[in-house]
Amino acid sequence: MTDIGHLIFNLLIFPGGLFAIVLGLLLMGIDRKIVARFQRRVGPPLYQPFIDLVKLTRKEIIVPETAHLQAFRLAPLLGFAGMIVAVILIPIAGVYQGLEFSGDLLVLLYLLSLPAIALMIGGSASSSPFGAVGFSREMVMMMSYELPLLLVLLTVALKVGLKTGGIATFSLSKIVGFQLENGALLFDYTMLPALVAFLIFIPGTMGVVPFDIPEAETEIVEGPILEYSGSWLALFKLTNALKMVVVLGLAVALFFPTPLGENTMLNLLWYFLKYLILLVISITIVRTSTGRIRIDQAFKFYLKYPTALALISLVLTLVKG
Amino acid sequence: MSTYTIPVGPLHVALEEPMYFQVQVEGETIVGLEITAGHVHRGLEYLAMKRNIYQNLTLLERLCSLCSNNHPFTYCMALEKIAGIKIPERAEYLRVIADEIKRIASNLFNIAMLAHIIGFDSLFMHVMEVREIVQDTKETIYGNRMDLAANCIGGVKYDLSDEKIKYLIKQLDKLKKPLEEIIDIYMNNKFVRARTEGVGILPKDEALRYGVVGPVARGSGVNNDVRVKSPYAAYDRLKVNVPLETGCDVRARAIVRLREIQEAINIIQQCLKDLPDGPTCIDYLPEIPAGEAVAKSEAPRGELIYYLRTNGSDIPERIKWRVPTYMNWEALKVMMPGNKVADIPLIINSIDPCISCTER
């Protein structure tokens with residue numbers, strides 16, 4: 001364990017806090033720009049998410065009269081706090097080690113569900129019927145994408161655990177360390193189905209088309225966050241940006257953490273490039289080429305394809321070791 | 001499971017105009033629907049009875065945006081019936097051309113909105129981009145992107161020179177290929193199909209019972225196209241194929257609208273081919289005697305009926321119109337129950353509601 005000063009630096013400046021927020025917002029800006037170019041629009045400038053946030057923080061906060069104030073106020077903080085902690089659990093190979101303790105993958109799994117839970121709490125506390133619909137949809141979405149995620153994590157943990165002489169390793173730093181020595185899991189064919197399953201999981205958890213069902217703008221007008229305004233809404237947006245960093249970072253750590261070399265700056269750029277590629281594959285292209293599906297269709301989809309893919313990897317891992 | 005009410009509207013992102021639906025849902029399933037209208041009432045019927053017949057031409061064109069051409073068109077037909085005016089043949093063809101161009105733009109807009117509602121924004125952008133071809137055409141020929149101001153009592157206000165005809169043919173040809181692509185997407189794209197197939201079903205017998213009109217009726221296999229059943233202007237000399245679908249769902253209505261665009265292109269091409277020479281308008285200021293008349297036409301959304309009574313002065317004594325949406329929105333009560341909350345805006349959009357016309 002690092003000392004307290006180090007921890008606070010990690011939490012607030014790098015790789016969590018400031019760095020992650022800037023990275024997440026920048027990724028969102030890039031995503032919006034690419035989508036706009038796909039649709040033959042000019043699109044907003046890359047810094048648009050930043051000025052959106054600044055504008056939001058200057059706006060008045062309006063709380064519905066019938067809302068449950070405490071829950072309504074705590075929900076955005078809950079999601080944000082969860083994500084800011086989650087960011088420092090993710091190692092950046094060659095740059096940052098992560099918090100090296102043996103169960104960090106499990107902690108991360110719990111933290112990952114916090115933004116969705118925050119949305120549910122906020123939505124139901126807002127007392128709006130759209131919030132209520134959003135609540136139930138968020139719940140169904142969570143149940144559907146958590147299963148494949150669990151299976152993928154289990155597969156990776158088993159793979160690394162079996163190779164290093166244990167049963168399963170729920171430690172991200174060990175998983176990354178293993179890959180640095182024995183080559184990335186990306187190049188192991190038994191892990192490819194799991195990787196694909198994880199790529200399908202990303203748009204679901206990030207809530208982008210076709211899986212933006214809990215917040216579907218044209219159906220239930222943003223659902224849970226409909227009643228939020230001002231800096232509380234800004235917190236939700238920040239949570240989303242951080243979540244993008246966490247989810248993409250987890251994908252990189254699980255499957256392709258290999259750094260370029262010894263140079264820290266170069267490694268950081270390489271890490272950013274991996275993020276970009278993942279972002280385009282799993283979010284940008286998906287969201288430009290599809291329409292939103294219904295919640296029942298999404299539920300069936302997640303229980304079928306990603307789960308099956310993850311199971312294939314799991315079985316292959318168990319058989320081949 | 002308990003029932004609760006979801007308010008859709010009066011201002012809702014998926015509705016272009018204010019309209020208030022109180023939807024009773026059980027979980028995510030719709031069980032009932034109540035429609036509250038009257039948010040865009042502007043007193044236009046009263047206003048029309050305060051102005052003279054010429055001023056009304058301008059007023060009625062501003063009744064609504066997407067079917068703006070049909071209102072003065074039908075109004076002129078009613079007036080001409082009362083006064084017994086026979087308009088020049090060229091004018092009849094020109095009226096049809098103006099009407100069909102508006103129909104293309106209107107249907108494309110509705111189709112684009114469908115894509116927007118299911119969150120398929122790339123498709124939305126694509127359809128709107130294709131629609132720009134039509135908008136450019138309107139601007140070039142009529143000088144306006146929305147209100148064409150094509151009709152006047154006894155004829156039309158515009159003429160097509162050879163150059164403009166050439167331009168129009170070129171623009172229509174430009175429209176054909178992207179249109180085929182769009183039809184293919186709406187019929188075969190997995191995401192569009194998953195959302196539109198089997199949604200908002202209006203069986204044929206219910207369609208007949210509610211007397212729905214336009215593409216909503218034709219999507220349920222009921223052919224009541226005024227252009228064929230009771231031809232007006234030049235439609236009796238043109239060959240109009242009415243696209244019929246039997247799917248009875250949102251998809252069927254969308255496909256009917258798309259096929260109608262293709263048909264509109266055909267009709268305009270026929271018009272341009274047989275366009276007779278001659279004047280485009282009568283050369284005198286007609287006097288309107290006392291009398292009453294009913295005229296109807298096929299607007300992009302269905303049958304539009306005008307009732308007009310005059311008393312010999314230049315101010316109409318009574319003017320009343322029945323718009324297609326008035327017939328169609330009651331049928332929502334059949335389409336909605338049993339569907340999911342996610343489908344509400346989709347089904348509302350599928351009747352292509354024009355609230356400005358309906359509540360005037």
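## Chatting through chains A and B

Author: From the N terminus on, chain A runs α-α-α-α-α-α-α-α-α-α-α-α-α, where helices (H or I, at least four residues) and strands (E, at least two) are DSSP runs numbered from the N terminus. This is a predicted model, in which local features need pLDDT of at least 70, side-chain atom pairs count only at pLDDT 80 or more, and totals for chains, interfaces and linings use all residues. Residues are numbered from 1 along each chain as its sequence is written, while chains are lettered from A and ligands numbered from 1 in the order in which they are written.

Reader: Thanks! How many helices and strands does chain A come to?

Author: Chain A has 13 helices and zero strands. Its radius of gyration is 19 Å, close to the 20 Å that the globule rule gives for 321 residues, so chain A is as compact as a globular protein of that length. That radius is taken over C-alpha atoms, and the rule is 2.2 Å times the number of residues to the power 0.38.

Reader: Nice. At what angle do H6(A) and H7(A) pack?

Author: Helix H6 (residues 114-125) and helix H7 (residues 129-163) of chain A pack at about 160 degrees, with axes 8 Å apart. Axes are lines fitted to C-alpha atoms, for helices over the stretch in contact, and angles run from 0 to 180 degrees between N-to-C directions. That makes H6(A) roughly antiparallel to H7(A) (the term covers angles over 145 degrees; under 35 is roughly parallel, 65 to 115 roughly perpendicular and the rest oblique).

Reader: And which residues of H6(A) make the contact?

Author: H6(A) uses A:Ala116, A:Leu119, A:Met120, A:Gly123 and A:Ser124. Among their partners in H7(A) are A:Phe135 and A:Met139. Contact here puts C-beta atoms, placed from the backbone, within 7 Å.

Reader: Switching to chain B: how do its strands pair?

Author: Three strands of chain B form an open sheet in the order E1-E2-E3, with antiparallel pairing (strands pair if DSSP finds at least two bridges between them). E1 and E3 of chain B are the edge strands, each pairing on one side only.

Reader: What about the E2(B) and E3(B) hairpin?

Author: Seven bridges join E2 (residues 20-26) to E3 (residues 29-36) in chain B. Two residues lie between these strands, and B:Gly27 in the turn has a positive phi of about 65 degrees. B:Glu26 stands opposite B:Thr29, and B:Tyr20 stands opposite B:Thr36.

Reader: Last one: how many residues of chain B are in contact with chain A?

Author: 26 residues of chain B are in contact with 24 residues of chain A. Elements that each supply at least two residues to chain B's side include strand E1 (3-8) and helix H4 (89-117).

Key. Two residues are in contact if their C-beta atoms, placed from the backbone, lie within 7 Å.
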